[in-house]
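Hi everyone, thanks for coming. I'd like to walk you through a protein model today, so please have a look at the screen while I talk.

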Amino acid sequence: MGREAAAAAEKGQGGTAYTVEQLVAFNRYNPDILPDLENYVNDQVSSQTYSLESNLCLLRLYQFESEKMSSQIVARILVKALMAMPAPDFSLCLFLIPERVQMEEQFKTLIVLSHYLETGRFRQFWDEASKSRHIVEAVPGFEQAIQGYAIHVLSLTYQKIPRTVLAEAINVEGLSLDKFLEHQVENSGWVIEKSQGKGQLIVLPRNEFNDPILKKNTADSVPLEHVTRIFPILS
């Protein structure tokens with residue numbers, strides 16, 4: 001199928017251009033839509049939007065058109081998937097990438113970064129990410145997304161955390177951290193306490209995950225599948 005087939009995939013009989021979502025829905029196994037899906041990945045990067053479905057479709061097509069695979073596009077898909085944590089998008093995408101491709105240095109780095117995030121090893125994550133700025137900084141909003149995930153993890157685990165622990169988790173300190181905390185106090189219900197010999201303590205909002213009492217009350221009244229829902233990322 002050549003250019004005429006690609007044009008047919010992009011336009012209906014009336015000459016109306018299809019959206020990427022429509023291309024994915026009706027032509028998900030048509031290799032002629034590869035350029036559209038690749039362009040859409042770049043659009044997601046520039047507009048800071050995200051479409052897991054279209055990205056998975058592109059990775060599936062790459063499996064059958066391996067000679068057309070763009071390492072840059074695949075890397076951008078994986079970075080966007082990291083930004084979607086705690087959703088399991090990174091693993092879903094990685095499953096569709098051949099092992100020989102995963103052995104490329106940039107993908108090995110992204111896999112390591114994913115492992116650090118999944119295990120809550122934020123200091124190691126930020127250290128490793130700083131060595132690979134050319135990969136992660138190619139996608140705007142990466143740092144903010146990971147900071148949101150770090151806060152998500154902390155909010156599920158702690159009621160109170162030292163300022164130093166928060167600073168390490170989100171890779172922010174000094175005046176920038178002061179401004180961040182002011183914003184969270186005003187908009188997210190955080191409270192700052194002073195602790196003797198320990199500096200500031202950050203009091204996070206109580207929820208059924210970090211508060212045993214709320215967890216017990218919720219367990220008594222709400223089905224288990226609702227209790228274990230993924231908590232929204234605080235920002």
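This is a predicted model: local features need pLDDT of at least 70, side-chain atom pairs count only at pLDDT 80 or more; totals for chains, interfaces and linings use all residues.

**A walk around the chain**

Residues are numbered from 1 along each chain as its sequence is written, and side-chain values use heavy atoms, with hydrogens and water left out.

Now, the parts list. The protein chain has 15 helices and three strands. Both are DSSP runs numbered from the N terminus: helices are H or I with at least four residues, strands are E with at least two.

How much of the chain is buried? Of its 235 residues, 42% count as buried. Buried means under 20% relative accessible area, exposed means over 50%, and partly exposed is in between, with a 1.4 Å probe and protein chains only.

And the contacts, meaning heavy atoms within 4.5 Å: if you take those between residues at least 6 apart in sequence, 56% join residues at least 24 apart.

Let's zoom in on helix 2, residues 20-27. Which residues are buried there? Val20, Leu23, Val24 and Asn27 are. They sit on the same side of helix 2, because they cover an arc of only 105° around the axis. The arc is that of the directions from the helix axis to the C-beta atoms. Here's a handy rule: an α-helix has 3.6 residues a turn, so residues three or four places apart point the same way.

Take helix 8, residues 105-118, and helix 9, residues 122-130: their axes come within 8 Å and cross at roughly 160°. That makes helix 8 roughly antiparallel to helix 9. On the helix 8 side, the contact is made by Thr109, Val112, Leu113, Tyr116 and Leu117, and on the helix 9 side by Phe122, Gln124, Phe125, Glu128 and Ala129.

Axes are lines fitted to C-alpha atoms, for helices over the stretch in contact, and angles run from 0 to 180 degrees between N-to-C directions. Under 35 degrees counts as roughly parallel, over 145 as roughly antiparallel, 65 to 115 as roughly perpendicular, and the rest as oblique.

In helix 8 you'll also find histidine 115, which is partly exposed at 40% relative accessibility. Histidine 115 and phenylalanine 125 are 10 residues apart in sequence, and 8.7 Å apart in space from C-alpha to C-alpha.

Helix 9 has another partner. Helix 9 and helix 12 pack at an angle of about 40°, with their axes 7 Å apart. Those two are therefore oblique to each other. Phe122, Arg123 and Trp126 of helix 9 make the contact with Glu168, Ala169 and Ile170 of helix 12.

Still in helix 9, there's glutamine 124, partly exposed at 32% relative accessibility. Between glutamine 124 and glutamate 168 there are 9.7 Å in space, C-alpha to C-alpha, and the two are 44 residues apart in sequence.

How does helix 12 pack with helix 13? Helix 12 (residues 163-170) and helix 13 (residues 174-187) are at about 100°, with axes 11 Å apart. So helix 12 is roughly perpendicular to helix 13. Arg163, Leu166, Ala167 and Ile170 in helix 12 meet Gly174, Leu177, Asp178, Phe180 and Leu181 in helix 13.

Most residues other than glycine have a negative phi, and most peptide bonds are trans. Now look at asparagine 171, in the loop between helix 12 and helix 13: its phi is positive, about 60°, although it is not a glycine. Asparagine 171 is partly exposed, at 42% relative accessible area. Glutamine 48 isn't a glycine either, and has a positive phi of about 55°. Look for glutamine 48 in the loop between helix 3 (34-47) and helix 4 (52-64).

Where is the cis peptide bond? It joins methionine 85 and proline 86, with omega about 20°. Proline 86 is in the loop between helix 5 (71-83) and helix 6.
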